[in-house]
Amino acid sequence: MIVYEYPFNERIRTLLRLEDLYEKFKFFVHQEHAMQHHVALATIFDMLEVAGRADLKSDLLQELERQKQSLLSYRSNPNVAADMLDAVLAEVETVSGALVAAQGKTGQNVRDNEWLMSIRGRTIIPGGACEFDLPSYYAWQKRPAEQRFNDIINWFAPLAPLFDALALVLRLLRDSGGPVKMIAIAGSYQQMLQGKVYQMLRLTMDEAMGAIPEISANKYMLWVRFTTQGGDLKPKPLEEDVPFELTLCNF
């Protein structure tokens, strides 16, 4: 099965982009080749670009506090497993505390490092990080893989609380909705949302069908149009019925 996600607002769009960058970072930083570590470092620079909004940290803290109060209201509900509820509340407290303790603007430690900023400035230019442009960076890439790994992890460390908070908020959001089985007749599906506000849509389907959903939505209407693509050709409309599961998520 393959899952497609669609954000309904710019805030969730930013969180999903950062999550995607973090997944890329985790993959490349645990590799050993210098080129792979270059991608990991360049990904940190991309994170700083996306996370540049000054209110991202406060947004996450406010959302975690809102989730905490919402979860606390379930304590009197006998149908809720108390041990699971306490575990989630403890996680929210831990993540919030670490984010509050993170001083300064997101990624300020990287911005204050002139050497890293010189590398960032060159990586914007196609092929700009060549050895003749950045001999000191070239020398760093020749260091042992473990040393490069430790350096990158230390540069990323001040960003870690932000990504822990981001991961928890997105997990709670994804868990907020239940999947509903749908069928797109002749490859097309529409649903009235009647003004109800959602944060994110999740669409799950069998990847063997080869169908690709093109999603658009506003607070009144949701559209899903399935296409198919062969090789490097432009996607074309799919005219057959497509079964899928739809999950509408909202805090």
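Let's start with Thr106: leaving aside residues up to four places away in sequence, Thr106 touches Leu48, Ala51, Arg111, Leu159 and Leu162, where touching means heavy atoms within 4.5 Å. This is a predicted model, so local features need pLDDT of at least 70 and side-chain atom pairs count only at pLDDT 80 or more, while totals for chains, interfaces and linings use all residues. Residues are numbered from 1 along each chain as its sequence is written, and side-chain values use heavy atoms, with hydrogens and water left out.

Where does Thr106 lie? You'll find Thr106 in the loop between helix H4 (82–101) and helix H5 (108–111). Helices (H or I, at least four residues) and strands (E, at least two) are DSSP runs, numbered from the N terminus. Thr106 has a relative accessible area of 16%, so it's buried (under 20%, with a 1.4 Å probe and protein chains only).

Now for the sheet. Four strands make an open, antiparallel sheet in the order S1-S4-S8-S2; two strands pair if DSSP finds at least two bridges between them. At the edges sit S1 (2–7) and S2 (180–184), each pairing on one side only. S2 is joined to S8 (residues 242–249) by five bridges, and Ile183 has Pro243 in S8 as its bridge partner.

Helices pack on this sheet too. Helix H1 (residues 10–29) touches S1 and strand S4 (200–205), and its direction makes about 140° with that of S1. Such angles run from 0 to 180 degrees between N-to-C directions, using lines fitted to C-alpha atoms, for helices over the stretch in contact. Helix H9 (residues 160–174) touches S1, S4 and S8, at about 65° to the direction of S4.

Key: Buried means under 20% relative accessible area, exposed over 50%, partly exposed in between (1.4 Å probe, protein chains only).
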